[in-house]
Amino acid sequence: MMESASSGLLDAVAAATASALQEAETSLPADVKAAIGRALEREQDPTARAQLENIRENIRYAGERGLPLCQDTGVPVIYLTLPPSVPATGELYEAVARGVRQATAAVPLRPNVVDPLTRENTRDNTGGGMPAVHVKPGRELTVTVLPKGAGAENCSRIAMLLPSQKGEIARFVAETMLLAGGKPCPPVVLGVGIGATFDGAAALAKEALLLPIDEMDPFEQELCEAVNALGIGPMGLGGTVTALAVKVKRGHCHTASLPVAVNVQCWASRRATRKVEAEQWT
Amino acid sequence: MDLTTPLGDEVLDLRAGDAVTLSGTVYTARDEAHLRMMEEGIPFDPAGAAVYHCGPVIRDGKVVAAGPTTSARMNALSGFLLDAGVRALVGKGGMDERVREALRGRGVYLAFTGGCAALAAARMQVKSVSFEDLGMAEAVWEIELDHLPLIVGIDAHGGDLFAAVMQKAKLQFDQQFNSYKGPGL
């Protein structure tokens with residue numbers, strides 16, 4: 001029988017989840033803010049500049065007032081790393097859900113989670129499969145939140161390319177933004193998952209959105225330039241900066257496969273991490 | 001140009017790409033509210049009105065967050081509002097040729113910066129609400145607006161900044177990738 005987690009641990013995980021969500025919803029990570037600043041330096045088009053200036057002013061307002069950056073506070077996607085001493089029990093998942101419900105009331109977050117067919121709203125941002133919780137082993141107990149708005153999420157795509165089509169990856173990524181236009185609130189961050197399986201590529205694409213966007217390797221840079229060459233610009237009103245960054249995560253795949261997933265993220269590339277120290281739960 | 005509701009023929013002078021501010025009353029409406037208005041009628045005077053595609057977060061009668069939602073979802077749902085005298089649709093991401101034609105000689109589509117919910121909320125006050133049973137995000141909120149900075153996305157002469165940008169993007173995409181000789185996607 002699985003060892004049961006202590007109530008102190010569960011409370012600490014719930015509190016860390018709620019606290020990370022509060023931070024992610026009301027402020028942007030420093031690397032994302034810096035990328036928006038760099039976009040303003042590069043952008044010449046007055047309409048595009050006006051959009052970026054609104055974005056910068058919005059970030060300031062939200063920070064000053066502790067209010068959500070965007071009314072689409074998204075659905076919570078949660079990543080946990082667990083040390084060997086902490087088992088991944090149902091109670092732990094429930095503690096994360098409790099944190100989501102706390103943040104929904106406290107921040108407040110818009111209740112966005114509905115039944116997929118009846119569209120009935122659960123009113124607390126939890127439900128079947130929500131929050132999505134991804135667990136990996138680690139040295140420390142950490143809770144990372146990635147609230148995901150629907151405007152950008154709805155523009156995401158997956159392709160099962162042929163192994164001979166690796167030269168088409170840039171085309172698929174750029175085509176994703178061509179189809180998306182202004183809908184995902186550019187300048188976007190694109191998470192690209194390459195390899196693994198149909199589902200694994202999508203998971204890698206989302207995990208790529210957790211990577212800092214300070215730096216891009218030459219391949220990421222090439223994908224980013226292919227997107228920015230389209231000239232879609234901030235909010236689809238034209239301009240130089242359509243993507244703040246493209247981040248790639250790779251996994252090995254079947255020799256007959258080349259899955260490629262693009263997870264589109266709006267300029268409000270929200271994420272935050274909390275470490276839960278052992279003394280917090282003992 | 002500074003626009004104030006109710007809007008009149010001054011909106012006909014605007015051209016796609018112009019920067020404007022909007023003050024006065026706006027009414028929020030998303031998918032469900034449009035469907036309800038089609039069935040039960042418009043719960044406000046549509047003459048010269050501005051409709052904002054927005055599902056706000058409201059707490060204790062105050063606007064907490066109220067950025068624009070994706071307007072394209074309302075492409076098929078907007079004609080009746082313009083027929084009834086609505087002069088401006090406000091949202092993000094642009095709208096299709098049905099709306100462009102419906103706006104011709106009558107009104108404009110104004111683009112606000114997506115995600116700028118806190119900036120918008122700082123310039124808004126709640127006056128009243130209709131269809132509250134649809135839930136916070138889908139209800140029709142009557143909101144008093146103070147100089148919201150907007151871009152004319154579609155004008156009353158068929159000018160459409162979004163369509164122009166996407167047309168150029170498609171050309172650029174074709175130039176960039178159609179020389180590739182590999183198997184097509």
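What you see is a predicted model, in which local features need pLDDT of at least 70 and side-chain atom pairs count only at pLDDT 80 or more, while totals for chains, interfaces and linings use all residues. Residues are numbered from 1 along each chain as its sequence is written, chains are lettered from A and ligands numbered from 1 in the order in which they are written, and side-chain values use heavy atoms, with hydrogens and water left out.

Chain A holds 9 helices and 8 strands; these are DSSP runs numbered from the N terminus, helices being H or I with at least four residues and strands E with at least two. Its C-alpha atoms fill a box of roughly 55 × 50 × 40 Å along the principal axes. A compact globule of 282 residues would have a radius of gyration near 19 Å, and chain A agrees, with 19 Å. (That radius is taken over C-alpha atoms, and the globule rule is 2.2 Å times the number of residues to the power 0.38.)

Of the 282 residues, 56% count as buried, meaning under 20% relative accessible area, where exposed is over 50% and partly exposed in between (1.4 Å probe, protein chains only). Contact here means heavy atoms within 4.5 Å. Among contacts between residues at least 6 apart in sequence, 82% join residues at least 24 apart.

Now to the helix pair. The axes of H6 (residues 169-180) and H8 (residues 218-228) of chain A come within 9 Å and cross at roughly 40 degrees. Such axes are lines fitted to C-alpha atoms, for helices over the stretch in contact, and angles run from 0 to 180 degrees between N-to-C directions. H6(A) and H8(A) are therefore oblique to each other. Among the residues making the contact are A:Val173 and A:Met177 of H6(A), and A:Phe219 and A:Leu223 of H8(A).

A:Gly193, in strand E5 (residues 188-195) of chain A, is buried, with a relative accessible area of 0%. A:Gly193 and A:Leu204 are 11 residues apart in sequence and 4.6 Å apart in space, C-alpha to C-alpha. A:Asp31 lies in helix H2 (residues 30-42) of chain A and, at 8% relative accessibility, counts as buried. Not counting residues up to four places away in sequence, A:Asp31 touches A:Pro212, A:Ile213, A:Asp214 and A:Arg271.

Note on methods. Parallel < 35°, antiparallel > 145°, perpendicular 65-115°, else oblique.
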